[in-house]
Amino acid sequence: MSVLERIQSEVDSHPIVLFMKGTAQFPMCGFSSRSVQALKAAGATHLHTINVLEEPEIRANLPRFSNWPTFPQLFIHGELIGGCDITMELFESGDLARMISETQQQ
């Protein structure tokens, strides 16, 4: 399986996927930390994270896969939502909680 197929598989297999630096328990950058906090505060209980610091092939190829240059990268239902700034905007508007609620109803 190529790295792009592996990324696609991760995105397809989990309703919420966050490609981040570190883990949800131990984020390794402020942007990743804020994204995890926003997701949890919005009600995400089944958050699948991938530590790009431990997955150099994913770290190198995810920007090509998603056409998004930075980390973290949030995918919900297989769709790229964006990075930390967009995640925070969605959290503050209440849209992130709605999106997460929809993932947990299925």
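Close-up 1. At 26% relative accessibility, E55 counts as partly exposed, a class lying between buried (under 20% relative accessible area) and exposed (over 50%), computed with a 1.4 Å probe on protein chains only. R6 is also partly exposed, at 30%. In this predicted model, local features need pLDDT of at least 70 and side-chain atom pairs count only at pLDDT 80 or more, while totals for chains, interfaces and linings use all residues. Residues are numbered from 1 along each chain as its sequence is written, and side-chain values use heavy atoms, without hydrogens and water. R6 and E55 form a salt bridge with an N to O distance of 3.1 Å; the term denotes a side-chain nitrogen of Lys or Arg within 4 Å of a carboxyl oxygen of Asp or Glu. Because R6 lies in helix α1 (residues 3-13) and E55 in the loop between β2 (48-51) and α3 (56-66), the pair ties together parts 49 residues apart in sequence. Helices (H or I, at least four residues) and strands (E, at least two) are DSSP runs numbered from the N terminus.

Close-up 2. D95 has a relative accessible area of 30% and is partly exposed; R98, at 42%, is partly exposed.

**Close-up 3. The salt-bridge network of D95, R98 and E102****.** R98 also pairs with E102 at 3.2 Å, N to O. E102 is partly exposed at 35% relative accessibility. R98 and E102 are 4 residues apart in helix α5, about one turn. The whole structure holds 3 salt bridges.
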